[in-house]
Amino acid sequence: MSSLFWRPAGNEATQAMAVSKKVMTREEWEKKLNDVKIRKEDMNTLVMNFLVTEGYVEAAEKFLKESGTEPAMDLATITDRMAVKKAVQNGNVEDAIEKVNDLNPEILDTNPQLFFHLQQQRMIELIRNGKIEEALEFAQEELAPRGEENQSFLEELERTVALLAFEDVSNCPLRDLLDISQRVKTASEVNAAILTSQSHEKDPKLPSLLKMLIWAQNQLDEKAAYPRINDLSKATLEDPAV
C-alpha cells in the first residue's frame, strides 16, 4: 500500500502522538509557575469567599483576625443561614421552612422548585422514620397538586412515592433518596437561595477555579507532557509518564 495512505494504528498511533507532544521537565514547569505572580491578598479573598459562602463562621472569624481580610457580608447573617442549612441536614425540614420564612418569606413564595424539594424532603423523612401512612397522605395533599402543575415535579414525586412499595427501603433501587447526600443536596439548594435573596453570590469561587484547573490540564494533555496535579487535595506535581 502506498505510504500516502498509511496511517499508524493502535499502539503505533498512540506512540506517534506521544512523540509529537512537547515534554516539559519539572524544572521548566516550576519556573513557568513561579513566573505567574498572584497577590497574597487575592488568595486571602478567595479563601474568605469560600468560608462565608459555605457558612464556616468560626473559621471566617479566625481568618479575619489572622489575615485582616474583610468578608463580603456581615458574619452575623451567616448564623441564621447556617441554622436553616443544619436543620435540613438533620432532617428537621419543617423547622427549616419556618426559619426560612422568618428570614424572608419571599424566598419560598418566589421559588416553587425549592419549596417542592423541601416538601419532598419532608416526605422522605417520614418514610425514613417508618411513618408510611402519614407519608402517603402528605404526598396526596401537599405534593401531588404541585406535581400536576409541573412535569419535572411529577417525575420526582413518582420516584419518591415509589419508596413506599418496598418493605426494606435501605436495600431498594431508590435508596439514594434516603442517603445523607440527598439532605446535603437540599440544604445546599436552600443555602444558595438565601444567599441570592441577600444579593450575594450563591456559589463560592474556589470550586469553580478547581474545575477550570481540571479543564485546562485536560486541554493541555493533548499537546504536552508536563508535571500535572492529579490529586487536588494535595496539590502536588506529578511527573509525566513518558
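1. Over residues 77-134 the chain is 83% helix and 0% strand, with the end C-alpha atoms 35 Å apart. In the unreviewed UniProt entry, the annotation "domain: CTLH" covers residues 77-134; UniProt positions are given in the numbering used here, feature names are shortened, and annotations may be inferred rather than shown by experiment. Helices (H or I, at least four residues) and strands (E, at least two) are DSSP runs, numbered from the N terminus.

2. The basis of the note should be stated. This is a predicted model, in which local features need pLDDT of at least 70 and side-chain atom pairs count only at pLDDT 80 or more, while totals for chains, interfaces and linings use all residues. Residues are numbered from 1 along each chain as its sequence is written, and side-chain values use heavy atoms, with hydrogens and water left out.

3. On overall form, the protein chain has 12 helices and four strands. Its radius of gyration is 25 Å, well over the 18 Å that the globule rule gives for 242 residues, so the chain is more spread out than a compact globule. The radius of gyration is taken over C-alpha atoms, and the globule rule is 2.2 Å times the number of residues to the power 0.38. The C-alpha trace spans about 75 × 60 × 30 Å along its principal axes.

4. On burial and surface, 31% of the 242 residues in the protein chain are buried. Buried means under 20% relative accessible area, exposed over 50%, and partly exposed in between (1.4 Å probe, protein chains only). The protein chain exposes about 15,900 Å², of which carbon and sulfur atoms supply 52%. Accessible areas come from the Shrake-Rupley method with a 1.4 Å probe, and for residues only the protein chains shown count as cover. Among contacts (heavy atoms within 4.5 Å) between residues at least 6 apart in sequence, 52% join residues at least 24 apart.

5. H9 has 18 residues and reaches 25 Å from its first C-alpha to its last, close to the 26 Å expected at 1.5 Å a residue; the expected span of a helix is 1.5 Å times one less than its number of residues. A kink of about 45 degrees lies at Leu143, shortly before the proline Pro145. The bend at a residue is the angle between axes fitted to the seven residues ending there and the seven starting there. Leu143 is itself buried, as are Ala135, Phe138, Ala139 and Gly147 in H9. The buried residues of H9 pack against helix H8 (112-128) and helix H10 (151-161).

6. Thr160 lies in helix H10. This residue is buried, with a relative accessible area of 1%. Not counting residues up to four places away in sequence, Thr160 touches Gln120, Met123, Ile124, Ile127 and Leu177.

7. Arg128 lies in helix H8 and is partly exposed, with a relative accessible area of 28%. Leaving aside neighbours within four places in sequence, Arg128 is in contact with Gln121, Leu178 and Arg183. Arg128 and Asp42 are 86 residues apart in sequence, and their C-alpha atoms are 45 Å apart in space.

8. Helix H11 (residues 180-197) contains Val184. The 18 residues of H11 should span 26 Å at 1.5 Å a residue, and the end C-alpha atoms are 26 Å apart, which agrees. The buried residues of H11 include Arg183, Thr186, Ala187, Val190 and Ile194. These buried residues of H11 pack against helix H3 (40-54), helix H5 (75-89), helix H6 (93-103), helix H7 (106-109) and H8. Val184 is partly exposed, with a relative accessible area of 36%. The C-alpha atoms of Val184 and Cys172, 12 residues apart along the chain, are separated by 20 Å.

9. Ser199 has a positive phi of about 65 degrees although it is not a glycine. Ser199 lies in the loop between H11 and helix H12 (205-221), and is exposed, with a relative accessible area of 69%. Phi of Ala235 is near 55 degrees, a positive value in a residue other than glycine. Ala235 is placed in the loop between strand E3 (228-229) and strand E4 (237-238), and at 49% relative accessibility counts as partly exposed.
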